[in-house]
Amino acid sequence: MTTENWQDGGFGLYIHWPFCQAKCPYCDFNSHVVAEVDQKRWERAYLSEIDRIGAETGNRVLHSVFFGGGTPSLMEPALVGAILDRVRATWPASNDMEITLEANPTSVESGRFAGYRDAGVNRVSMGIQALNDSDLRRLGRLHSVAEARAAFDIARKTFDRVSFDLIYARQKQSLADWRDELTAALAMAADHLSLYQLTIEPGTAFGARFARGGLKGLPQEDLAGDLYQMTQELCEKAGMPGYEISNHARPGAESRHNMIYWRHGDYAGIGPGAHGRLTLGGDRFATDTPLQPGVWLNAVEQRGNGENPRTPLSPMDQGAEYLLMGLRLRDGISLKRHESLSGTPLDPNKIKYLSDIGMIRHVGDTLCATSEGRVVLNAILRELLPE
Amino acid sequence: MTELAYIRNFSIVAHIDHGKSTLADRLIQLTGTVAERDMKEQLLDAMDIERERGITIKANTVRIEYPAKDGHTYVLNLIDTPGHVDFAYEVSRSMRAVEGSLLVVDATQGVEAQTLANVYQAIEANHEIIPVLNKIDLPAADVDRVAEQIEDVIGIDATDAVQISAKTGIGIPDVLEAIVTRLPPPHEGDRNAPLKAMLVDSKYDPYLGVVVIVRIIDGVLKKGQRIRMMKTGGTYDVDKVGVYRPAMVAVDALGPGEIGFLTASIKQVRDTRVGDTITTEKNGCATALPGFKPSIPVVFCGLFPVDSAEFEDLRDAIEKLALNDASFSYEMETSAALGFGFRCGFLGLLHLEVIRDRLEREYGIDLITTAPSVVYNIFMKDGEVRELHNPADMPDMTLVDHIKEPRIKATIMVPDEFLGDVLKLCQDRRGIQLDMTYAGSRAMVVYDLPLNEVVFDFYDRLKSVTKGYASFDYQMIGYREDNLVKMQILVNDEPVDALSTMVHRDRAEGRGRAMVEKLKELIPRHMFKIPIQAAVGGRVVARETLSAMRKDVTAKCYGGDATRKKKLLEKQKAGKKKMRQFGKVEIPQQAFINALKMDD
Ligand SMILES: Nc1nc2c(ncn2[C@@H]2O[C@H](COP(=O)(O)OP(=O)(O)OP(=O)(O)O)[C@@H](O)[C@H]2O)c(=O)[nH]1
Ligand SMILES: C[S@@+](CC[C@H](N)C(=O)[O-])C[C@H]1O[C@@H](n2cnc3c(N)ncnc32)[C@H](O)[C@@H]1O
Ligand code: SF4
Ligand SMILES: [Mg+2]
């Protein structure tokens, strides 16, 4: 069997749990707040979807499973266990298969950590968001810093691999404020950290407030640039260099799952609003599912298929996706691989121009953004993407 | 056809926004010309741009019928005219086709600069003038004061001014009666004489082709006649004769004193010169009408397609638009940086904006508008005199003896409290005061100003320093020598021809500073820093540096985000197409014209 391009990226399974206890005002993920969830019913639906995707891809080695949300730490450990049992029965697992679950740092949730571990979860990613109570309130979070730290300690005792998320470039956050907070974060970090600059997303409460002229004191471009640069430097010094635009890890502790996305691997997406990329019979497809939990459940229960019709990706689309995902990585992309996906090489004049102005580095087959280039990656992509 | 005695032709004239089009609405409505359900505000302002900006751009003719108190039904032909100074030519032309004017004055504002300008034109056209005081429904209306002003400033009797509210309809019947009793019928007109008709205007209709608006002086115009344009010499078969009500309605014939339209398979706008005399090919009239003073474009700029592949589409669009607007001129132009385009002449900056808007909107072409310029006279050392429409074509200064620039006489009316600001503005723009008089608490100042100081943003500045209370009108008065130089703009060390301007030597530094500062705001940040310089004859007079982009990256991008991200980048890439590349720098299309608007 000849190797297909996606195999350079690996194969993963993403499972979306679409419920949260409250909707955070900045968040545009597919999350819903409901009074009660019939977890047994959801279990049947997830298992049925695993069977369906498994029938198409069952011979592949699975490198990663990721429970994302929403708030997957609201799932009963039994539900997580049932899903993982079916996953193991469906795909051969790689030796080091990573199984990550996103968790919110409240006491209710940390109580379930041992159960998740016993179900097979070997990594958690916690949404701590800020190490400052007043900013946590402003971000609409239900937990305090103390609670988050307590939950984090439990996680560290329970799992070998623990990551957490912070959101910075917040309202009125100065360079000095963030330096102190990040220093504290690095002191507590295990092996992985996701540091996101706050993005005002349309369709969220913050989006509406911002459009009305509210949310004063968000950093302007220059400060945002300084905040980003300082973040890279502090993390690097602490031994957790940025391996992707917003992700930092001790070498070897990178998120296996997310690397599949950035390295243009294949992944199946299960659950409402989950996306996937699957190479089948030589063609690559983008998959997605209905956003509304009820609509998705009905589709699975009544049609035996929770997916929307699949979209085939043209060679151009594939090349563009590889480029825009891959250049997020410090290590960049392979030009050969790009060409074999898209059918056309990148414009050598553009490569030369972007190298000349110090935005990218081109060595042998590798093309990567420089540290100056990564902060303005969108501008680089606007140049490089074909018309 | 109607007997002369029962015809009244008039234009509605006023300062901008004093309510001409609204008055036209009421006249149309009260005479039942348009069904109630088809009525809407400023019905005659049919173009999208007119409705959006709330102003009239094109003059419009409508025929209405009014049963007067004397028992006769009169045919009234009204022409609603634009108020903005750029379109003064439309007003003067319209006035040639009629015998009287309704001079509308907003009773809350009083006499303004265009009120005066219109009165002078009406007097020159020998019009009977009926003053109409509008907006009396508003609490701020001061009828007595404004009537007094009309008498003092304009010198016409305002005792019989009709007091109305064009909005609520108060006084409209009085306007109709006044038209019939106070305006004269068409002066002469012999139905049996050879056809003699005035070509008032022409427009382009996508279905009918060129439509010609005519005023019949003598004879009868009928379908099937073979007509001749006396000046251009073209002959045509008349396909259709009709009147505007305001929809086009065909009629059998138009007789003396009447205003209407004809179509005759006319292909080219050059064949329909406004002011021309139309007669029959055989047995035509002997003498032509005097014609109109031609309109002179005073502002020139280059129009280039953002996407150079759209040049032919642009040519097509410009030719079609020119059919509708004889006062706009164009010729092909090439620029090193911008490729093929057109150098176009306009009556003013609003006129320029309107044409550009219509090209973009009605024909879907994205345009780059280069820095507007007036026409300079370049006196070469060898005795040659050149007309310079484009600063980029400025010859080597060592070959130039001297340069003359166009000057205007500007009349500004302003409440006392803002007088100081207005004088300062005029002084800053190299103005020479010619006159200053007072009428009540308003001052009227007259300045001799260089046109190029006025063209771009004078009107905007005047409005802002006087909180909108000043009004302004101008006329060209000739050319005068001054110490003028060409100023170049260098972006990332490369000269951008489309941004070259002519400036007075003493103001080169100030202008240059303002332009580079403006450009620094208008050009988006790039991945590298960009010096922006203004230079005169190789010497840099102002410099700014646009810093490099600091951050443009998406924070989160996981599995589901790839699709969304790709769409977003595609959209941004399309946005880049609206910019033009100069060396490595992309300059947005609006920058070329906005760079010249000064905030002083
Ligand atoms: N209150 C009040 N408003 C009026 C009256 N007449 C006109 N307006 C308002 O004044 C504004 C300008 O009216 P237009 O009829 O467009 O004025 P215009 O003179 O045709 O303007 P241009 O064609 O741009 O010169 C509009 O908002 C009208 O609604 C009136 O009698 N009373
Ligand atoms: C799926 S979300 C959240 C998972 C989990 N429910 C939580 O809130 O902790 C993953 C991460 O994206 C980040 N995030 C969400 N919305 C964001 C925004 N508008 N700007 C920046 N980061 C955001 C947060 O750090 C969040 O932890
Ligand atoms: S940030 Fe996390 S907890 Fe908040 S609404 Fe989004 S998914 Fe739910
Ligand atoms: Mg009007």
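Q: By class, how many nonpolar, polar and charged residues does the shell around ligand 3 have?
A: This is a predicted model, where local features need pLDDT of at least 70, side-chain atom pairs count only at pLDDT 80 or more, and totals for chains, interfaces and linings use all residues. Residues are numbered from 1 along each chain as its sequence is written, with chains lettered from A and ligands numbered from 1 in the order in which they are written. Ala, Val, Leu, Ile, Met, Phe, Trp, Tyr, Cys and Pro count as nonpolar, Asp, Glu, Lys and Arg as charged, and the others, Gly among them, as polar. The shell around ligand 3 has four nonpolar, six polar and one charged.

Q: Which cysteines are among the residues around ligand 3?
A: A residue is near a molecule if its C-beta atom, placed from the backbone, lies within 6 Å of it. The residues around ligand 3 include A:Lys23, A:Phe29 and A:Asn104. The cysteines among them are A:Cys20, A:Cys24 and A:Cys27.

Q: Which helix gives the largest share of the shell around ligand 1?
A: Ligand 1 is surrounded by 21 residues, with B:Gly19 and B:Ser21 among the closest. They divide into six nonpolar, 10 polar and five charged. Helices are DSSP runs (H or I, at least four residues), numbered from the N terminus. The largest share, three residues, comes from chain B helix α1 (residues 20–30).

Q: How many residues of chain A are in contact with chain B?
A: Contact means that two C-beta atoms, placed from the backbone, lie within 7 Å. On the chain B side, 22 residues take part. On the chain A side, the number is 33.

Q: What are the edge strands of the eight-stranded open sheet in chain B?
A: Strands are DSSP runs (E, at least two residues), and two of them pair if DSSP finds at least two bridges between them. The order is β11-β10-β16-β7-β8-β15-β12-β13, with antiparallel pairing. Two strands of chain B pair on one side only: β11 (235–237) and β13 (248–250).

Q: Why does B:Arg505 count as partly exposed, rather than buried or exposed?
A: B:Arg505 lies in the loop between β29 (501–504) and α12 (508–522) of chain B. With C-beta atoms placed from the backbone, 20 or more others within 10 Å make a residue buried, 12 or fewer exposed, and anything in between partly exposed. B:Arg505 is partly exposed because its C-beta neighbours inside 10 Å number 13.
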